[in-house]
Amino acid sequence: MTSTTAARAESIDPARLLITGAHGQLGRALLNLVPGARALARADLDITDAAAVRAIVNPGDVLINCAAYTAVDRAETDAEAAFAVNATGPRVLAQVCADSGARLLHVSTDYVFPGTAAHPYETDDPTDPATVYGRSKLAGEQAVLELAPQATVVRTAWVYTGTGSDFVATMLRLERERDTLTVVNDQLGSPTYTRDLASGLLELAGLPDAPRILHATNAGQATWFDLARAVFAAIGADPQRVRPCGTEDFPRPAPRPAYSVLSGAAWQAAGLTPLRSWKLALQDALAAISD
Ligand SMILES: NC(=O)c1ccc[n+]([C@@H]2O[C@H](COP(=O)([O-])OP(=O)(O)OC[C@H]3O[C@@H](n4cnc5c(N)ncnc54)[C@H](OP(=O)(O)O)[C@@H]3O)[C@@H](O)[C@H]2O)c1
């Protein structure tokens, strides 16, 4: 843990911090930084169950909602389930937090935007999701903003830990399994290390009167191809083994945004520490895995 991260984590009273969806990748990163937080995995708390949520939220709590339906492609044919977790769930959390005098930090996504911009999306740019997942997350944002005056929606993008089946972990595996691979080079975003995002959320948890919507990603931009090459280079593999291709070479049920860069201007204007560059963050993520 860096000294900045440690300082941010120390400013939170763990007994006041509730993490829903605590077994997901962001939930686990938060719990690593604040081991004493009240961590609620799906088996402990279904965020769509209003009575159960009401039973665990106390006045003065800060609830960071990491629970979500994140299977972007599956959502195209499973809209009911996606909307239950991503729209009804946040609605329940927002209502209970508002009624209980708790504060809600709700995590959302770049997929609420159309993904066709040529400049980083600001927090007040028009939304227009192109996927079921994006529409379900937008409905969740709207419920939170409508029902919980003290809540903040934090949009992020391209989140990875480097373990499990996320993009960075997949590149590490394919580096071992294949001589060459092709990776999409016409989608731009900001790769974001879960630990940095978690640290930023904890800093936000200590900030009173935060704006209603913020963006939090590591700084800078890259294509998936850039990120794959950076992973190869960082572990001493030849980056030339990664070849560029286009989105059309990997058709998916849910269309992927061509442009997902989120502006950190509102985050910085609120006095929050900007997340460092994605390249630096990636070095730390890979070092943490090799440890
Ligand atoms: N990953 C990304 O690249 C990315 C990008 C932009 C935004 N985000 C947002 O960041 C947040 C965290 O994402 P993540 O990557 O940590 O997702 P994740 O790893 O898929 O974790 C989500 C967690 O939510 C749990 N969950 C699902 N339904 C639930 C319910 N009804 N009640 C309680 N928990 C439930 C899941 O449990 P099960 O596994 O048991 O279903 C899972 O542990 C989400 O809001 C996501 O939309 C992620």
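**Exercise 1. Place Thr152 in the fold and describe its surroundings.**

Step 1. The side chain of Thr152 makes a polar contact with the backbone oxygen of Pro211, at 2.9 Å. A polar contact is a pair of N or O atoms within 3.5 Å; within protein, one must be able to donate a hydrogen and the other to accept it, and residues adjacent in sequence count only if both atoms are side-chain atoms.

The model is predicted: local features need pLDDT of at least 70 and side-chain atom pairs pLDDT 80 or more, while totals for chains, interfaces and linings use all residues. Residues are numbered from 1 along each chain as its sequence is written, and side-chain values use heavy atoms, with hydrogens and water left out.

Step 2. Thr152 belongs to strand S5. Helices (H or I, at least four residues) and strands (E, at least two) are DSSP runs, numbered from the N terminus.

Step 3. The relative accessibility of Thr152 is 0%, so Thr152 counts as buried. Buried means under 20% relative accessible area, exposed over 50%, and partly exposed in between (1.4 Å probe, protein chains only).

Step 4. Neighbours within four places in sequence aside, Thr152 is in contact with Leu104, Leu105, His106, Leu204, Ala210, Pro211, Arg212 and Leu214. Contact means heavy atoms within 4.5 Å.

**Exercise 2. Describe the shell around the ligand.**

Step 1. There are 24 residues around the ligand, and Leu26, Arg42, Thr70, Tyr133 and Lys137 come nearest. A residue is near a molecule or strand if one of its heavy atoms lies within 4 Å of it.

Step 2. By type, the shell holds 12 nonpolar, eight polar and four charged residues. Here Ala, Val, Leu, Ile, Met, Phe, Trp, Tyr, Cys and Pro count as nonpolar, Asp, Glu, Lys and Arg as charged, and the others, Gly among them, as polar.

Step 3. Helix H2 (25–33), strand S4 (103–109) and helix H6 (132–147) each supply at least two residues of the shell. S4 gives the most, with three residues.

**Exercise 3. Which elements supply the largest nonpolar core, and which gives the most?**

Step 1. The largest nonpolar core has 33 residues, and Val168, Val183 and Leu282 have the most contacts inside it. A nonpolar core is a set of buried Ala, Val, Leu, Ile, Met, Phe, Trp, Tyr and Cys residues joined through side-chain atoms within 4.5 Å.

Step 2. Helix H7 (167–177), strand S7 (181–184), helix H9 (224–234) and helix H11 (278–290) each supply at least two residues of this core. H9 gives the most, with seven residues.

Step 3. The buried residues in H9 are Trp224, Phe225, Leu227, Ala228, Ala230, Val231 and Phe232. They pack against H7, S7, strand S11 (222–223), strand S12 (242–245) and H11.

Step 4. Not counting residues up to four places away in sequence, Val168 touches Tyr160, Gly162, Leu227, Val231, Leu282 and Leu286. In soluble globular proteins, nonpolar side chains tend to be buried together.

**Exercise 4. Is Trp158 buried or exposed, and is Asp209 buried or exposed?**

Step 1. Most residues other than glycine have a negative phi. Phi of Trp158 is positive, near 50°, and phi of Asp209 is positive, near 55°.

Step 2. Trp158 lies in the loop between strand S5 (152–156) and strand S6 (159–160). Asp209 is in the loop between helix H8 (194–205) and strand S10 (213–215).

Step 3. Trp158 has a relative accessible area of 11%, so Trp158 is buried. Asp209 has a relative accessible area of 79%, so Asp209 is exposed.
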